[in-house]
Amino acid sequence: MSAPLFDRLALIGIGLIGSSIARAAREHGLARTIVAATRRAETAEEARRLGIVDGVGTDVAEAVREADFVVLCTPVGANAEAMKQAAPHLKKGAIVSDVGSVKQAVIRDAGPLFPEGVHFVPAHPVVGTEHSGPAAGFAELFRGRWCIVTPIPGSDRAAVEKVIEFWRRCGSDMEEMSADHHDKVLAITSHLPHLIAYTIVGTATDLEDHIKAEVVKFAAGGFRDFTRIAASDPTMWRDVFLNNREAVLEMLGRFSEDISALQRAIRWGEGDKLFELFERTRAIRRALIDARQA
């Protein structure tokens, strides 16, 4: 096993992602000490009982003190408050990162709070399940999955490389891009699909009771997949949509136009247009399989 990258890793938030980071960091020997802070005492007690960190509590200042790597594992909308609590207690030379799926927002909200000499390297492990809480995490969550790093212009390159190496040792495939490009890409690959899933499942819940019961009883694979996505953490996804609104609205506008065109094709019996669309979308699925992202 390689030497630890960090002496003290502090996780702000210990839900699915935070607890998975803790497990992966311990499994791969990435930090000598792993601590966490969480908002709720009940969550801290659960993490303590699971034994996934060396120390956990509700005091952010205590967690980040003397830490050389801090990872914000909170919903996007909570990052600024977490940084307000952490900033006065960060040691010079510390590296701070995050795991949010919107990058421009965290740079906008948390970036100005960083004290001089502390390095901020935003990152996004593109992973997740519909489960949440400390018990939901597992060390293999990042294995073979992408982690995108979005360095701020002028960032310390050594700090960026250290964050990349951390995620690489967790098993992630690494990609580097600008924050605005990241947000546009994720708007179509992640955010819009979640919005559609929430909408479809929401439509089903508004049906008459006798039809709703049969929707649950006879749910086919497609609808079951939508319910899995729509079971994702509501706080996290509320914050994602509010903080990436421009990119999401752009992709939603394109989607609405495509839905209207599909609606016309069905209404007018234009089978050739339907077949052409379905053939193109099959090619995307084959590409995902070839890229081992299916």
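Which residue in E8 is the bridge partner of Ala 123? In this predicted model, where local features need pLDDT of at least 70, side-chain atom pairs count only at pLDDT 80 or more, while totals for chains, interfaces and linings use all residues. Residues are numbered from 1 along each chain as its sequence is written, and side-chain values use heavy atoms, leaving out hydrogens and water.

The partner is Val 149. Helices (H or I, at least four residues) and strands (E, at least two) are DSSP runs numbered from the N terminus, and two strands pair if DSSP finds at least two bridges between them. Strand E7 and strand E8 (residues 146-149) run antiparallel and are joined by 3 bridges. Together, 3 strands make an open sheet of mixed pairing, ordered E7-E8-E9. Strand E7 (123-125) and strand E9 (173-176) are its edges, each pairing on one side only.

The axes of helix H11 (residues 245-267) and helix H12 (residues 271-290) come within 8 Å and cross at roughly 135°; axes are lines fitted to C-alpha atoms, for helices over the stretch in contact (heavy atoms within 4.5 Å), with angles from 0 to 180 degrees between N-to-C directions. Leu 262, Ala 265 and Ile 266 of H11 meet Lys 273, Leu 274 and Leu 277 of H12 in this contact.
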